[in-house]
Protein chains: 2
Amino acid sequence: MKEISKLMDYREDVKVLDATLRDGGLVNDFFFTDEFVKDLYRANVKAGVDYMEFGYKASKELFDVTKFGKCKFCDDEYIRSIVGDNDTDLKIAVMADVGRCDYKNDIHNRSDSPIDLIRVATYLNTIPAAVNMIEDAAAKGYEVSCNIMAISNSQEGDLKAALDILGKSPVDVFYIVDSFGSLYPEQIARVADIYLEAASKYSKKVGIHAHNNQQLAFANTIEAVGDGVDWLDGTYAQMGRGAGNCAMELLLGFLRNPKYNVYPVIKFIEKHINKLREDGVVWGYDIQYLLTGLLNQHPRTAIQFTKDNRKDYAEFYNEIVAQD
Amino acid sequence: MKEISKLMDYREDVKVLDATLRDGGLVNDFFFTDEFVKDLYRANVKAGVDYMEFGYKASKELFDVTKFGKCKFCDDEYIRSIVGDNDTDLKIAVMADVGRCDYKNDIHNRSDSPIDLIRVATYLNTIPAAVNMIEDAAAKGYEVSCNIMAISNSQEGDLKAALDILGKSPVDVFYIVDSFGSLYPEQIARVADIYLEAASKYSKKVGIHAHNNQQLAFANTIEAVGDGVDWLDGTYAQMGRGAGNCAMELLLGFLRNPKYNVYPVIKFIEKHINKLREDGVVWGYDIQYLLTGLLNQHPRTAIQFTKDNRKDYAEFYNEIVAQD
């Protein structure tokens, strides 16, 4: 048993990051109202959340700004319109995807920006490009994390090699990302060991971003924090791509640091999330996501199944098994 | 790390019990159609499930037979109308609640009944009455398990004393029951240790029945099986009281014994479960259940909140905090 005493106590180093706008934006093309975003910001401040991710710094060359909401691009001016000078303990994060972000132009110096943390998202085969972005962000004064996506189908040796490269970069946090929602807690423990060993060697921190395909996003997150992972991603009502993420309301209920408070999260969900669902925005655990998770596949087929309002789970299962 | 190798292999002693009709019956007063029950029986046979719980052996003195479906009472004749001579590897179980079952009259000799397993359900304060029922069932030739409910608010010393009493009875399986859905995997590991120690002393087996208030029913079940717990309860689409149970489709996807097959479960869900939901039968994770789980309370207030179609989660939270 790992650290049962911690169920009564807490570790100061644990940080909670709210990824609602970023991962949640993937299910409504980032069309959040300003009221939604302002209320979310206020709720995060009251709840004691450490970082709030506003969305992506997506390239306006690659993506049509008329087809997405503002959180897809996260202009500094937009963030400022919500947070003003952000005179709070809540730090602001954005995600920058390798190959889909004009980071040299679109990410300004931290001293001129409301943003505190750049989260560089990469697959294992683009680590050198990620390092370039990390170096750029660090040189501009930001805290930097690196999210290595889709690790559930990567080889352990490749993962270790990637962490060795990233360890020598100025990145602050290595993120475990279970993109397919296919890992079980025992596997998270094993992956966390690999990350923590590299983090210890290079004086980095480790984070986790989980998906709920097998209803394990929360369980995997608390497994990881028990193993020594410090940075924890959650989203309000688990809003996120496909089956969604680790629920902020579950996570804050679990953590014992008295600075965290679940009540503002509940209030926000009551006011905003039910309305989103009534408006037809769809996310969360369902059989099609379980099946792609079980098969360790990207959920894109399950997302399409959901969009098509299909309910023929058995036929879907036949289809995705046959893909391999 | 407990037994990662087992993620590739399996333990012969693991048994899966389908509790859909029994725990699921709590949300529709057991009004299942014969077609539903027959299809579920066939699906369980095909899926390799070990035991199928048909419902309760409820007292017809205490409960009006016109107000509940047949699975509330589980007459031998009714079960036979579904399973015939049950010439399969699937065994049949029923639950008998202490104080709510006329077991002397309503439970006949196993040789005259289609039932194989009597599951005696008790709270800690009625253990001697449970022992009487266990002895009766064992004398009539049944396999017998004992479900100790609501252990999350019991004292460890009381639990150990209860297991010592039960250990001396002819019961075959001690069941861990997280009635309030309030336990975290680390706590399940601790509870499993207590149960397994007593089970080892008295040559019994240990089982787990989880609830999904904090989306941990599946995670707690696979935590338990990793710790050495052999009997695992699941329900199709997690159908069960309040937030529901461990999903059979998740559980069979996880277990590696080739005798298990998730496909018939998916087929059944496609045919029957969506229809149940369309007909207005409601269960599953929601904020109100998270809150009672977090506070380690019985979900009855959350069930009422659900019935009343309330969505004012924050006010509900205030109400249930004030109850203490």
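Tutor: In this predicted model, chain B is superposed on chain A by a rotation of 180 degrees with 0.0 Å of shift along the axis, and the RMSD of that superposition is 0.0 Å. The two chains are therefore related as by a two-fold axis, and the same surface serves both copies, since 100% of the contact residues of chain B recur in chain A.

As for extent, 45 residues of chain B are in contact with 45 residues of chain A. The area buried between chain B and chain A comes to about 3,900 Å², with carbon and sulfur atoms giving 67% of it. On the side of chain B, the residues that lose the most area to chain A are Tyr184(B), Glu186(B) and Gln215(B), which together account for 17% of what that side buries.

Turning to the polar side of the interface, the rule finds zero salt bridges across chain B and chain A, whereas it does find ten residue pairs in polar contact, with both residues of a pair at pLDDT 80 or more. The elements of chain B that give two or more residues to the side touching chain A are helix H7 (185-202), helix H8 (217-227), helix H9 (248-254), helix H10 (263-278), helix H11 (287-294) and helix H13 (313-322).

Notes:
Residues numbered from 1 in each chain as written. Chains lettered and ligands numbered in written order. Predicted model: local features only at pLDDT ≥ 70, side-chain atom pairs only at ≥ 80, totals over all residues. Heavy atoms only, no water. Least-squares fit on C-alpha atoms with pLDDT ≥ 70 in both. Contact = heavy atoms within 4.5 Å. Buried area = accessible area lost by both parts, 1.4 Å probe. Salt bridge = Lys/Arg side-chain N within 4 Å of Asp/Glu carboxyl O. Polar contact = N/O pair within 3.5 Å; in protein donor to acceptor, adjacent residues only side chain to side chain. Helix = DSSP H or I, 4+ residues; strand = E, 2+ residues; numbered from the N terminus.
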